[in-house]
Amino acid sequence: MGMSVTISEATDQDVEQIFKLQYLCFQSEAALYGNYRIDPLVQPLDSVRREVAEDCVFVARLGDEVVGSVRGAITEDGAASISRLCVHPRLQGHGIGARLLGAAESALAQQRGAKKFRLHTGHRSEGNLRLYRKVGYETVGTSEGTDGVPMVVLEKQAGPYATTA
C-alpha cells in the first residue's frame, strides 16, 4: 500500500490528467458560488497544454496518477502569479497543496526571479483562504474574476523558504 505522493514539474504527457483533475476539483468551488462557468471549468485543453509548455507547472503524483497540480507565471509587474492549485478530493487535507505551492514558489524564485507571489481565490473559499494564510499569504485586496466571482487577492514576499528545494 504505502505509495507516497511525489512533486515534479509537469510534462506534456500530464496535460490531459491535469485537465480532468482540474475539472473534478473545481466542481466544489462552482457549487459554492452556484456558477458552473467559473474559469477552471471552461478552460480549453489547448490552453492547459500551452500553460504546461510555457509556464511553471507542477504536479503531485501517486504512482502514475496526477493527483494535484499548480501553475505559476511571472506577471508584467514582476510578481509571480500562482493559479489553479488543486488536489484530488480524496487526498485533500494531507499537505499536498502546501507542497505544490512550495515547489512552484521555489521554482518561480530561483528560475524566474520572482520576489513576490500573488494568488486569487473566491471570497467564500474558506479552506483555500486558510491554507494560503497558513503558508504566509496575506490579503492585499479584492477583485472580480472574469466569471463574476468576487475574489480575494493574497500576496507574500519571496523569502529564504522559497529558495530551497
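Student: In which helix do R49 and D46 both lie, and how many residues apart are they?

Tutor: Both R49 and D46 lie in helix α4, and they are three residues apart, about one turn of the helix. Helices here are DSSP runs of H or I with at least four residues, strands are runs of E with at least two, and both are numbered from the N terminus. Before we go on, note that this is a predicted model, in which local features need pLDDT of at least 70 and side-chain atom pairs count only at pLDDT 80 or more, while totals for chains, interfaces and linings use all residues. Residues are numbered from 1 along each chain as its sequence is written, and side-chain values use heavy atoms, with hydrogens and water left out.

Student: What makes the meeting of the R49 and D46 side chains a salt bridge?

Tutor: A salt bridge needs a side-chain nitrogen of Lys or Arg within 4 Å of a carboxyl oxygen of Asp or Glu. For R49 and D46 the N to O value is 3.5 Å, so the pair meets that definition. In general, side chains of opposite charge can pair when their charged atoms come close.

Student: Why is D46 called exposed, and why is R49 called partly exposed?

Tutor: Exposed means over 50% relative accessible area, buried means under 20%, and partly exposed is in between, using a 1.4 Å probe and protein chains only. D46 has 52% relative accessibility, so D46 counts as exposed, whereas R49 has 30% and therefore counts as partly exposed.

Student: Which residues of α4 are buried, and how do you know that they are on the same side?

Tutor: The buried residues of α4, which spans residues 45-54, are S47, V48, E51 and V52. They cover an arc of only 140° around the axis, and therefore they are on the same side of α4; the arc is that of the directions from the helix axis to the C-beta atoms. On the other side of α4, D46, A53 and E54 are exposed. The buried residues of α4 pack against α1 (15-25), β2 (56-62) and β3 (65-74), where contact means heavy atoms within 4.5 Å.

Student: Why is it said that the salt bridge of D14 and R61 ties together parts that are apart in sequence?

Tutor: The side chains of D14 and R61 meet at 2.8 Å, N to O. D14 lies in the loop between β1 (5-9) and α1, and R61 lies in strand β2, so the pair ties together parts that are 47 residues apart in sequence. D14 is buried because its relative accessibility is 5%, and R61 is buried because its value is 17%.

Student: How many salt bridges does a search of the whole structure find?

Tutor: The search finds nine salt bridges.

Student: What makes the aromatic pair of Y132 and Y137 edge-to-face?

Tutor: Rings of Phe, Tyr and Trp (its six-membered ring) pair if their centres lie within 6.5 Å, and planes under 30 degrees apart count as stacked, over 60 as edge-to-face and the rest as tilted. A search of the whole structure finds one aromatic pair. In this pair, Y132 and Y137 are 6.1 Å centre to centre with 65° between the planes, so the label edge-to-face follows from the cut-off. Y132 counts as buried because its relative accessibility is 7%, and Y137 is buried because its relative accessible area is 2%.
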